[in-house]
Amino acid sequence: MFPGGGVDMQQLLQQAQKMQQDLAAAQQELAETPVEGSAGGGLVKATVTGSGELTRLEIDPRAVDPEDTETLADLVIAAVRDANNSAQELAKAKLGPLASGFGGGGGIPGLPF
């Protein structure tokens, strides 16, 4: 500790390093976690990773109408959007507690801001 009750820099650095390691582990876990979204009552299903990478797209044959490809395109977009929204919610749940520690002192003892 510094004289007068200052911040223990060694402890602060250790906490920051642990938070960085925890954040990297959570990001890796997100990148490997599949999240599914759907549209059209399940006619189109999209799977993305927790980091938002599209990894799979399933289209039920009933959704395919050669005369109306616009509706199919809309269903694909909606399914991918649904999956990405779920991935963002997963990211908030996993990274939220970790990320909050990087702004404004966020729980690190001794930081005045």
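## Start at the hairpin

Select Val44 and look across to β3: the residue standing opposite is Ile59. Keep in mind as you go that this is a predicted model.

Now widen the selection to both strands. Val44 belongs to β2, residues 44–49, and its partner β3 covers residues 54–59. The two run antiparallel and are joined by 5 bridges. Together, β2 and β3 make a hairpin, with 4 residues between them. Click on Gly52 in that turn, and you'll find a positive phi of about 100 degrees.

## Zoom out to the sheet

Which strand sits between the other two? Show all the strands and read off the order, β1-β2-β3. Turn the view to see the twist, which averages 15 degrees from one strand to the next.

While you're zoomed out, trace the whole chain. You'll count 2 helices and 3 strands, and from the N terminus they come in the order α-β-β-β-α. The protein has 113 residues, and 25% of them are buried. Among contacts with a separation of 6 or more, 50% are between residues 24 or more positions apart.

Next, select Thr47, which lies in strand β2. Is Thr47 buried or exposed? Its relative accessible area is 12%, and that makes it buried, because the cut-off is under 20%. Show what surrounds Thr47: leaving aside neighbours within four places in sequence, its contacts are Pro34, Val35, Glu36, Glu53, Leu54, Thr55 and Arg56.

Then hop along to Thr49, also found in strand β2. Thr49 counts as buried too, at 8% relative accessibility. Which residues does Thr49 touch, leaving aside its neighbours within four places in sequence? Look for Leu30, Ala31, Thr33, Thr55 and Ala87. Thr55 turns up on the contact lists of both Thr47 and Thr49.

## A nonpolar patch outside

The protein's accessible surface comes to about 7,400 Å², and carbon and sulfur atoms account for 54% of that. Now colour Leu57, Ile59 and Val64: these form a nonpolar patch on the surface, with about 230 Å² of accessible area together. Val64 is in the loop between β3 and α2 (69–99). With a relative accessible area of 46%, Val64 is partly exposed.

Hide the surface and bring up the charged side chains. How many salt bridges does the structure hold? There are 5, and we'll visit some of them.

Begin with Lys94 and Glu29, whose side chains meet in a salt bridge at 2.9 Å, N to O. This pair links distant parts of the chain: Lys94 is in helix α2, Glu29 is in helix α1 (residues 9–32), and 65 residues separate them. Lys94 is partly exposed, at 28% relative accessibility, and Glu29 is partly exposed at 39%.

Move on to Arg62 and Asp60, where the salt bridge spans 3.0 Å, N to O. Arg62 is exposed, with a relative accessible area of 69%, whereas Asp60 is partly exposed, at 21%.

For the last stop, go back to helix α2 and pick Lys92 and Glu89, which both lie there. They are 3 residues apart, about one turn of the helix. Lys92 forms a salt bridge with Glu89, and their closest N and O atoms are 3.7 Å apart. As for cover, Lys92 counts as exposed at 56% relative accessibility, while Glu89 is partly exposed, with a relative accessible area of 49%.

Conventions. Residues are numbered from 1 along each chain as its sequence is written. This is a predicted model: local features need pLDDT of at least 70, side-chain atom pairs count only at pLDDT 80 or more; totals for chains, interfaces and linings use all residues. Side-chain values use heavy atoms; hydrogens and water are left out. Buried means under 20% relative accessible area, exposed over 50%, partly exposed in between (1.4 Å probe, protein chains only). Contact means heavy atoms within 4.5 Å. Accessible areas come from the Shrake-Rupley method with a 1.4 Å probe; for residues, only the protein chains shown count as cover. Two strands pair if DSSP finds at least two bridges between them. Patches are made of residues with over 30% relative accessible area and no salt bridge: like charges are joined within 9 Å, nonpolar side chains (Val, Leu, Ile, Met, Phe, Trp, Tyr) within 5 Å. A salt bridge is a side-chain nitrogen of Lys or Arg within 4 Å of a carboxyl oxygen of Asp or Glu. Axes are lines fitted to C-alpha atoms, for helices over the stretch in contact, and angles run from 0 to 180 degrees between N-to-C directions.
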